[in-house]
Amino acid sequence: MQYVSTRGEAPALGFSDAVLAGLARDGGLYVPREWPQFSAADIRAMRGLAYPDLAIRVLTPFLGGEIAAPVFERLVREAYATFRHEAVCPLVQTGKNTFILELFHGPTLAFKDVAMQLLARLMDHVLAERGQRATIVGATSGDTGGAAIDAFAGRDRTDIFILFPNGKVSPVQQRQMTTSSAANVHALSVEGNFDDCQGLVKDMFNDHAFRDRVSLSGVNSINWARIMAQIVYYFSSALSLGAPDRPVSFTVPTGNFGDIFAGYAAKRMGLPIERLIIATNDNDILARTLATGEYRTKGVFATTSPSMDIQVSSNFERLLFEAAERNAETVRRYMNGLKQSGAFAIEAGEMARIRSEFDAGRATVEEVAATIRATLEKSSYLLDPHTAAAVHVATVRASGPVPMVVLGTAHPAKFPAAVEAASGIVPALPAWLGGLMTADEKYTILPSDLKMVEDYVSRHSRAAR
Ligand SMILES: Cc1ncc(COP(=O)(O)O)c(C=O)c1O
Ligand SMILES: N[C@@H](CCOP(=O)(O)O)C(=O)O
């Protein structure tokens, strides 16, 4: 299996190189050259598999034989042994034909753990085999950072630098990043918003001299392995609801478009998915794009679902590549438009292809709060604000007999203030995180300035030459 860049000007790479590369050298994102295919019979044969066994079955074709089967199996089993629920990602029924796929039973209570626990082990393995070290940078609007720090803390072959927007993440999210005592962990509070943090990360990758000097790797969903690992839970939930003999739809709380792109990938691999519904908060660039055919950035609003406070939705580039029938020149043109004027218009044929697979809707802060209240009253189920945004959109958009699965992307205890304001209930952190709110914090505040961030990373990375 080879991986190609959405911008067509970087070399195609094998699996291990694509995982270490993160962003392609032409600024594009890696995607598999072709989608592995599972027939209905293959999918039927997956019924009843435990989550790690299913992950091994679904993900092995992506490895291109580069990781020995027993090694991969061990890494997968270790990754999902960190989850506190036996099913890893359980499916909970909340209405007649509606389900929440709970993705928050990992160490940091967000769906990011599902991919990050595996990615850290894969990277460690590849680096150890090559006798190399890497410098990892990541941008977070709150959840990726904590998950990455948990997964990489104490790993000798990597130093990890997480950029989060100063004052714009929840206190629980911040402490999950700032209370690690591991020497290889660096939490950087950037004076800006998430898009600034993500822009800095991409600029570091596009500064090739810096990139090579520190052996840069990334753990955001620009890294193919993040998307790859997230494909598995689309299979697990659809199988529980009768796949391949019964189609399923998904509504996904969306920011950087990684999670829902994993659903698109599952569909391309043969999983019978009827609709993929993008749910945004007030930062509704993707809902507007689906409605108008134009991707146009505007200011970012702070909402009660901060992890989705995003304008530049990285993985939408992967969908554009597919919608343009893998024409990298079209993707380059769109991305140049985005860089120069903050906008680009998507051609009609491409928009039609996107609309044939996706719907989109948004939930305002008030609608999120009302949904938390209503779901508690109706189903005795306490939602976090991100999942609530998706439940609202699913309720407005879904109809018909096809089961609707909403991705439950975070535990409500990560956002106690918003959940309490909406429901009157203060969700408690699980016992294993009991000391989080009193532990000492350690972080560095930096301006949103490429040179200053690069200097900091260079000075603190053991991989820097
Ligand atoms: C809790 C939560 N829900 C939803 C999202 C959006 O996911 P994605 O960025 O993959 O679209 C995020 C951030 O990524 C998140 O942390
Ligand atoms: N919402 C994310 C933003 C980064 O997304 P990623 O999936 O590309 O890592 C977060 O919580 O940090």
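What is the mean pLDDT of the protein chain, and what percentage of its residues reach 70 or more? The mean pLDDT of the chain is 97, and 100% of its residues reach 70 or more. The structure shown in these views is a predicted model, with an ipTM of 0.99 and a pTM of 0.98.

**Figure 1. The annotated span, residues 98–329.** The UniProt record, an unreviewed entry, assigns the annotation "domain: Tryptophan synthase beta chain-like PALP" to residues 98–329.

**Figure 2. Strand S4 and its two partner strands.** Strand S4 comprises residues 98–102. Because 4 of its 5 residues are buried, S4 is largely enclosed by the rest of the structure. Strand S3, residues 91–93, pairs with S4 in the antiparallel sense over 3 bridges. The two strands are joined by a hairpin of 4 residues, and Val92 stands opposite Ile100 of S4. Strand S14, residues 404–408, also pairs with S4, here in the parallel sense and over 5 bridges. Within S14, Val405 is the bridge partner of Phe99.

Figure 3. At Lys112 the UniProt record, an unreviewed entry, places the feature "modified residue: N6-(pyridoxal phosphate)lysine". Lys112 belongs to helix H5, which covers residues 112–130. Is Lys112 buried or exposed? Lys112 counts as buried because it has 33 C-beta neighbours inside 10 Å, and the cut-off for a buried residue is 20 or more. When neighbours within four places in sequence are left aside, Lys112 is in contact with Asp143, Thr144 and Ala147.

**Figure 4. The surroundings of ligand 1.** How many residues surround ligand 1? The shell contains 16 residues, of which Asp143, Asn256, Gly258, Ser307 and Thr409 are the closest. Sorted by class, the shell around ligand 1 has 5 nonpolar, 9 polar and 2 charged residues.

Figure 5. Ligand 2 has 13 residues around it, and Thr140, Asp143, Thr144, Asn220 and Ser221 come nearest. Which helix supplies the largest share of this shell? Helix H6, residues 143–152, supplies that share, with 3 residues. The classes present around ligand 2 are polar, with 12 residues, and charged, with 1; there are no nonpolar residues in the shell.

**Figure 6. Asp259 and its contacts.** Asp259 is part of helix H11, which covers residues 258–268. Asp259 counts as buried because 26 C-beta neighbours lie inside 10 Å. Apart from neighbours within four places in sequence, the contacts of Asp259 are Phe111, Gln230, Val252, Thr254, Leu407 and Thr409. One of these residues, Gln230, is 29 residues away from Asp259 along the chain, yet the C-alpha atoms of the two are separated by 6.6 Å.

**Figure 7. The packing of helix H12.** Helix H12 covers residues 285–292, and its buried residues are Ile285, Leu286, Ala287, Thr289 and Leu290. Against which elements do the buried residues of H12 pack? Their partners include three strands: S10 (273–280), S11 (294–296) and S13 (358–362). Helices H13 (316–323) and H15 (348–357) are also packed against by the buried residues of H12. After H12 comes Gly293, which has a positive phi near 80 degrees.

Figure 8. Leu109 has a positive phi of about 70 degrees, although it is not a glycine. Leu109 lies in the loop between S4 and H5, and it counts as buried because it has 27 C-beta neighbours inside 10 Å. Ser215, which is likewise not a glycine, has a positive phi of about 50 degrees. The loop that holds Ser215 lies between helix H9 (208–214) and strand S8 (216–218). Ser215 is buried, with 20 other C-beta atoms within 10 Å. Where is Pro244 found? Pro244 is in the loop between helix H10 (224–240) and strand S9 (248–253). The peptide bond that joins Ala243 and Pro244 is cis, with an omega of about 5 degrees.

Technical notes:
Residues are numbered from 1 along each chain as its sequence is written. Chains are lettered from A and ligands numbered from 1 in the order in which they are written. This is a predicted model: local features need pLDDT of at least 70, side-chain atom pairs count only at pLDDT 80 or more; totals for chains, interfaces and linings use all residues. A residue is near a molecule or strand if its C-beta atom, placed from the backbone, lies within 6 Å of it. Ala, Val, Leu, Ile, Met, Phe, Trp, Tyr, Cys and Pro count as nonpolar, Asp, Glu, Lys and Arg as charged, and the others, Gly among them, as polar. pLDDT is the predictor's confidence in each residue, from 0 to 100. UniProt positions are given in the numbering used here, feature names are shortened, and annotations may be inferred rather than shown by experiment. A residue is buried if 20 or more other C-beta atoms lie within 10 Å of its own, exposed if 12 or fewer, and partly exposed in between; C-beta atoms are placed from the backbone. Two residues are in contact if their C-beta atoms, placed from the backbone, lie within 7 Å. Two strands pair if DSSP finds at least two bridges between them.
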